[in-house]
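Subject: Structure handover

Hi,

Here is the structure I promised to pass on. Please open it first; my notes follow below.

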Protein chains: 2
Amino acid sequence: MFFERVAILGVGLIGASFGLAIRVKGLCKTIVGHGRKEQNLRRAKELGIIDAYSMDAARACEGSDLIVLATPVGILKQLVGEIAGSIKKGAVITDVGSVKSIVYDLESLVPAGVSYVGSHPIAGSDQSGIDDARADLFRGARCIITPTENSHRAAIEEIASLWELLGSRVESLDPHKHDRIYAAVSHLPHLLAYALVNAAHGFSDDCIEYAGQGFKDVTRIALSSPELWRDISIFNKDNLINVMEILQENLDRIHDLLVAGDASGIEKEFSRAQRLRLVLSNDNQRSAANSADSMTAGSGL
Amino acid sequence: MFFERVAILGVGLIGASFGLAIRVKGLCKTIVGHGRKEQNLRRAKELGIIDAYSMDAARACEGSDLIVLATPVGILKQLVGEIAGSIKKGAVITDVGSVKSIVYDLESLVPAGVSYVGSHPIAGSDQSGIDDARADLFRGARCIITPTENSHRAAIEEIASLWELLGSRVESLDPHKHDRIYAAVSHLPHLLAYALVNAAHGFSDDCIEYAGQGFKDVTRIALSSPELWRDISIFNKDNLINVMEILQENLDRIHDLLVAGDASGIEKEFSRAQRLRLVLSNDNQRSAANSADSMTAGSGL
């Protein structure tokens, strides 16, 4: 797999890490960046993440074999509309957004002969700038691709192989199923982290400074970009509202157990959660093992 | 500061780490352990954490200059009642529980000539066994002590100095104020982490396996001991119920903004939380710096 020319639209943590990763793996010749802030693009060029940039999205995409959309979800539609007329025939487009039902709208905007396959690398963090970009960000991480019934088979395989070459464990999900799952395991946790910080401050305005590691861990993702998570929340609002209602039922149940002083009822709730959460601890260990394996493999031993 | 004989009642993560820490610092001659599980006490002895143990709490305390209660909060009252008759005159007792209003009850149970000063080292984790115990668990961590109007001044100073010798940053808080603060920054986050895991599973029973680092971080403390957190929740239930209501207001507000599709309102909520949370990022860096300092100091360089 080799791309003569790759366009990265949105050179933040994910876009820049993608650029570094495909360069390190020798998968491309030229990377052209595009974004809103020229200063950021200049810096990306200085850092060797991109070779050139354009403030005009359509121009950045001209002649590219691969176009990666790494902007906040909220501007994807407008952006694809802007570039549609400039996309080379045979090019493949993917985005890295955390909401995927939008893929149906996006794929309908690209011209005939161009393939769109949505991606969601599960590799974000509370950081969002190019200074935190790493060539190995996607290694060992899951990457969900969300082909639709309109996706070209060759393009699906190409995008899947691309992420695999970057070290990701690729899985395919229906876009709607993706959005339902990630409302629960990503979008709601972010919303909760933000709400918890605001609630703690509202309850007692000097309490946050007393926080220990538990609070820090729970609220680390409240450091994430409000703009990014505003878009994700709005674009997945139906699922998010539904899962908030399920959370509400769980909180109400614990609230009532507390009011009743029902210690054993509370312990049951906590134990069930602990048991369910243990699945991920094991997964952590497996990931670490996998990642160690792939490092060994990569070093040629 | 030197103790001939120290009793540690409850040899879990905190109790065992305390034992290792005072031994490493040369602050005691003999450590006697007590707990419910003889197998655990035997293992603590094998590991050199304690020198001896007794299955009888009162016996374990006989002749001790310092008694550290490191059991779940729910059994503290009963335990202090059991040992009260065996405590040596002049001894100092502390506990390491996460709820501190209970200190008023506990101090009233100890005989004249014995001092009780509550402690809360902010150094727990989701781990709870002796195998995770570390002599440096308290180094660089905050430790809240909660003297009351009945506490002896010399005992307050002794307990404060003890934690400082173990590397903690000691602060004194009124027990009621402590419980209000930690309801918001520790007890509610635990309750939320448990509720989020249950809600995610309830929403879609295969979704947890798709979780990325964000969900893992938010729910790490859902791996914590249900028994321990059941007790804490019940003993601090009034504050916890109050702060749950503030959280509720925050969640309702976000819910309504989502329903209305009010992107800018949502961004405002998220931005406020991000700004408030930044205080702790800086604090993290300060702690890391402090901890590096103390390591340098400790190594004699």
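Start with one residue pair in chain A: A:Ile67 stands opposite A:Ile93, which lies in strand E5(A). Note that this is a predicted model.

The strands around that pair come next. Strand E4 of chain A (residues 66-69) pairs with E5(A) in the parallel sense, over four bridges. E5 of chain A covers residues 92-95. A:Val92 and A:Thr94 point one way from the strand, while A:Ile93 and A:Asp95 point the other way. All of these residues are buried.

Now chain B. It has an open sheet of six strands, paired in parallel. The order is E3-E2-E1-E4-E5-E6. E3 (52-53) and E6 (115-116) of chain B are the edge strands, each pairing on one side only. Strand E2 of chain B (residues 28-34) joins E3(B) in the parallel sense through two bridges. There, B:Val32 has B:Ala52 in E3(B) as its bridge partner.

Last, the two chains together. Helix H7 of chain A and helix H7 of chain B, residues 175-203 in each case, pack at an angle of about 155°. Their axes are 11 Å apart. The angle is over 145, so H7(A) is roughly antiparallel to H7(B). The crossing of H7(A) and H7(B) is right-handed. Residues making the contact include A:Leu192, A:Leu196 and A:Phe203 of H7(A), and B:Leu192, B:Leu196 and B:Phe203 of H7(B). By class, the contact of H7(A) with H7(B) has 14 nonpolar residues, no polar ones and no charged ones.

Best wishes

Technical notes
Residues are numbered from 1 along each chain as its sequence is written. Chains are lettered from A and ligands numbered from 1 in the order in which they are written. This is a predicted model: local features need pLDDT of at least 70, side-chain atom pairs count only at pLDDT 80 or more; totals for chains, interfaces and linings use all residues. Axes are lines fitted to C-alpha atoms, for helices over the stretch in contact, and angles run from 0 to 180 degrees between N-to-C directions. Angles under 35 degrees count as roughly parallel, over 145 as roughly antiparallel, 65 to 115 as roughly perpendicular and the rest as oblique. A crossing is left-handed if the near helix is turned anticlockwise from the far one by less than a right angle, and right-handed if clockwise. Two residues are in contact if their C-beta atoms, placed from the backbone, lie within 7 Å. Ala, Val, Leu, Ile, Met, Phe, Trp, Tyr, Cys and Pro count as nonpolar, Asp, Glu, Lys and Arg as charged, and the others, Gly among them, as polar. A residue is buried if 20 or more other C-beta atoms lie within 10 Å of its own, exposed if 12 or fewer, and partly exposed in between; C-beta atoms are placed from the backbone. Two strands pair if DSSP finds at least two bridges between them.
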